[in-house]
Amino acid sequence: MGRGRQRRRTENRRRRRGRRAGRVLGTAALAAGLATSAMVADAAVRTSAGAASGSSRAWAAEAPKYPVGNLGTAVQNFLTSPDRVAGANDWSCRPSAAHPYPVVLTHATFVNQGANWAVLSPMLANAGYCVYAFNYGMTQISLDRVGGLGDVAASARVMSAFVDRVLASTGASEVDVVGHSQGGMMPNYYIKRLGGASKVHTFVAMSPSNHGTTLLGLVNLGKQWNLLGFVNNAFLAVGTPGLVQQEEGSDFQRALFADGDTVPGPRYVVLQTNRDWVVTPYTNAFLTGPNVTNILVQDQCPGDYVSHIGMFNDSPVLQNVMNVLGPDDPGFKPSCTGYGLPA
């Protein structure tokens, strides 16, 4: 009996060691799988950027200078790096012959440059662009992180001073502008009212709040119930006029576009998704004019489920941005992979 118990104990110890070894191997396999997935995802981003900018061989030849971020990077930057983002604001950068126009990035409402441009800024910088970003619309309730709340005209004046600084630093004659949400609408004020038309070469807007939003009909409902004035007064009382000014039919919107959507000079490109739940109806984002190109993402990639927020990390959208600023192939079709947040 004693020998039998000893054999069973020995066998049990072997089984426990085997299970522990299995768990270690399983954990190692999972880690390897995650690492492989991360490398594949990073390679996909590199390939997309390289294909759009005509620099895929450069990607293969050398590692990118700046790590391309993701959703996690955006969240972390929102909290810990609201006024910095990889690839942007190297004031020693000088535009090249291949990329003669510095790129100025204008973020969306409720976020900051660190969060909004965690993906695109390093992509552009790695492709050889001089990239610049700034925060705007910060108010007393912004905690230095929540931007786009202030008066839109005041934000445009901040942009005007920033663009002048970029032009003086780089020696360029014009800049390209890429904006998201309010950042795709606010520069219209700079271009139309503050002399920006002569300083902007191309303006790319991702889900811009042009012509305002009904917020899924809530604005219209507020008008019907005579509650909109109450809500707007509340927004103004807490120092968020930028929210009121983005409503469809607001005094600001009517004044901004009363003399037409565009002015001569800049080229306008609007990238929009039909899944947008912030700018509603989604067609409000589009502009009308002889120098406008409106692109609906789902016309290129019908399966792309990206919504308003997710435009910042949607691969087809970013591929379009790289194409517009780079080779500008009129027949360009993005690779329909790497869709952004459906939010």
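Biologist: Where does proline 281 lie?

Modeller: Proline 281 is in the loop between strand 5 and strand 6. Strands (E, at least two residues) and helices (H or I, at least four) are DSSP runs, numbered from the N terminus. This is a predicted model, in which local features need pLDDT of at least 70, side-chain atom pairs count only at pLDDT 80 or more, and totals for chains, interfaces and linings use all residues. Residues are numbered from 1 along each chain as its sequence is written, and side-chain values use heavy atoms, with hydrogens and water left out.

Biologist: Which residue does a cis peptide bond join to proline 281?

Modeller: Threonine 280. Omega of this bond is about -10°.

Biologist: What is the phi of serine 207?

Modeller: Near 45°, a positive value in a residue other than glycine. Serine 207 sits in the loop between strand 4 and helix 8 (218-224).

Biologist: In what order do the six strands of the open sheet run?

Modeller: Strands pair if DSSP finds at least two bridges between them. Here the order is 2-1-3-4-5-6, with parallel pairing. Strand 2 (131-134) and strand 6 (292-296) are the edges, each pairing on one side only. Neighbouring strands are turned by 15° against each other on average, direction ignored.

Biologist: How many bridges link strand 1 and strand 2?

Modeller: Four, in the parallel sense; strand 1 covers residues 103-106. Threonine 106, for one, has phenylalanine 134 in strand 2 as its bridge partner.

Biologist: Which strands does helix 6 lie across?

Modeller: Helix 6 (residues 152-170) lies across strand 1, strand 2 and strand 3 (175-180), at about 155° to strand 2. Angles run from 0 to 180 degrees between N-to-C directions, with axes fitted to C-alpha atoms, for helices over the stretch in contact; contact means heavy atoms within 4.5 Å. Helix 7 (residues 182-193) lies across strands 1, 2 and 3, strand 4 (200-206) and strand 5 (267-272). Helix 7 runs at about 150° to strand 4.

Biologist: How many disulfides does the structure hold?

Modeller: A disulfide is a covalent bond between the sulfur atoms of two cysteines. The structure holds two (sulfur atoms within 2.5 Å). One of them joins cysteine 93 and cysteine 130, with sulfur atoms 2.0 Å apart. Cysteine 93 is in the loop between helix 3 and strand 1, and cysteine 130 in the loop between helix 5 (120-126) and strand 2, so the pair ties together parts 37 residues apart in sequence.

Biologist: Is that disulfide of cysteine 93 and cysteine 130 left-handed or right-handed?

Modeller: Left-handed, because the torsion about its S-S bond is about -85°.
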